[in-house]
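Let's take a friendly walk through a protein model, looking at how its side chains meet. Have the picture ready and follow along.

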Amino acid sequence: RISIENADNDAIIPVTGVKDASALDFDMTDSRIYWTDLKVKAITRAFINGSQVERIVEFGLDSPEGLAVDWVAHNIYWADTGSKRIEVSKLDGSSRKVLLWKNIEEPRSIALDPSECYMYWSDWGGQGSVERATMDGVSRLVILAKVGRANGLTVDYTERRLYWSQLHGTPAIEVADLDGKHRSTVIAKDIGRPFALTQYQDYIYWADWNGGSIERVEKH
């Protein structure tokens, strides 16, 4: 982890057993981080100081590429590219349920908007899409078609917009309204290969897969 105010103030979180972490999210209410591991095919959590590492889901996973924490209802959602499913459980892995499994090809990134009870996910199948449904898997809707390989979906809760990184063709960071309208490019030059993405206040932050760095840009 690093401070967004001081890049020199960074620290390694001493978690154990990490093999091939893909997606990461955190729960501010109890200071835990959650991540998926593609090699061990599990979802794990730990306190932000690295203590009490605990695998909460370790059966029936194939390639869990996307993960998002619902800090309001205390649930965790994930997208499994291998099994072609979107699932949910309690934060301890109990009460697991498959929400979506029909007409899904390669579900990848997932983001939540608990205040409006919506979830968003990208599907890399075909020409790529971003879809929306209520957080119980109902009222499914394609909001962005022919979007390529969208990753790192992030909701701007203040301005009510959706950001993502584009990994198909020329790498870019894009944005649209939460209904998919007014799509535009934030930045598409000298950004490496933006993989993970998040937004805080006036900035967009991303991890550059190629350069092994964390970058940021003003969102306006």
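Start with a charge and a ring: Arg 216 lies over the face of Tyr 203, 3.9 Å from the ring centre. Keep in mind as you look that this is a predicted model.

A search of the whole structure turns up 4 aromatic pairs. Here are two of them, side by side.

| Aromatic pair | Centre to centre | Angle between planes | Geometry |
|---|---|---|---|
| Tyr 118 and Tyr 120 | 6.4 Å | 55° | tilted |
| Phe 195 and Trp 209 | 4.8 Å | 50° | tilted |

Trp 209 counts as exposed because its relative accessibility is 55%, which is over 50%.

Where do Phe 195 and Trp 209 lie? Phe 195 belongs to strand E17 (residues 194–200), while Trp 209 is in the loop between strand E18 (203–208) and strand E19 (213–218), so the pair ties together parts that are 14 residues apart in sequence.

Next, look inside. The largest nonpolar core has 14 residues, and the members that touch the most others are Tyr 77, Ile 86, Leu 100, Ile 110, Met 119 and Trp 121. At least two residues of this core come from each of strands E6 (75–80), E7 (85–90), E8 (97–100), E9 (107–113) and E10 (118–123). Both domain 1 (1–102) and domain 2 (107–219) contribute to this core, with at least three residues from each.

Leaving aside residues up to four places away in sequence, Ile 110 touches a list of residues including Tyr 77, Ile 86, Met 119, Trp 121 and Leu 153. There is also a second, separate core of 13 residues, with Val 130, Leu 144, Val 155 and Trp 164 among them.

Finish with a hairpin. Strand E15 (residues 172–177) pairs with strand E16 (residues 184–187) in the antiparallel sense, over 3 bridges. Across this pairing, Ile 173 stands opposite Ile 187 in E16. The hairpin has 6 residues between its strands, and Gly 180 takes a positive phi near 90°.

Terms used: Residues numbered from 1 in each chain as written. Predicted model: local features only at pLDDT ≥ 70, side-chain atom pairs only at ≥ 80, totals over all residues. Heavy atoms only, no water. Core = buried A, V, L, I, M, F, W, Y, C linked by side-chain atoms within 4.5 Å. Buried < 20%, exposed > 50% of the residue type's maximum accessible area, 1.4 Å probe, protein only. Helix = DSSP H or I, 4+ residues; strand = E, 2+ residues; numbered from the N terminus. Domains from an automatic or database assignment. Contact = heavy atoms within 4.5 Å. Phe/Tyr/Trp six-rings, centres within 6.5 Å; stacked < 30°, edge-to-face > 60°. Lys NZ or Arg CZ within 6 Å of the ring centre and 35° of its normal. Pairing = 2+ DSSP bridges.
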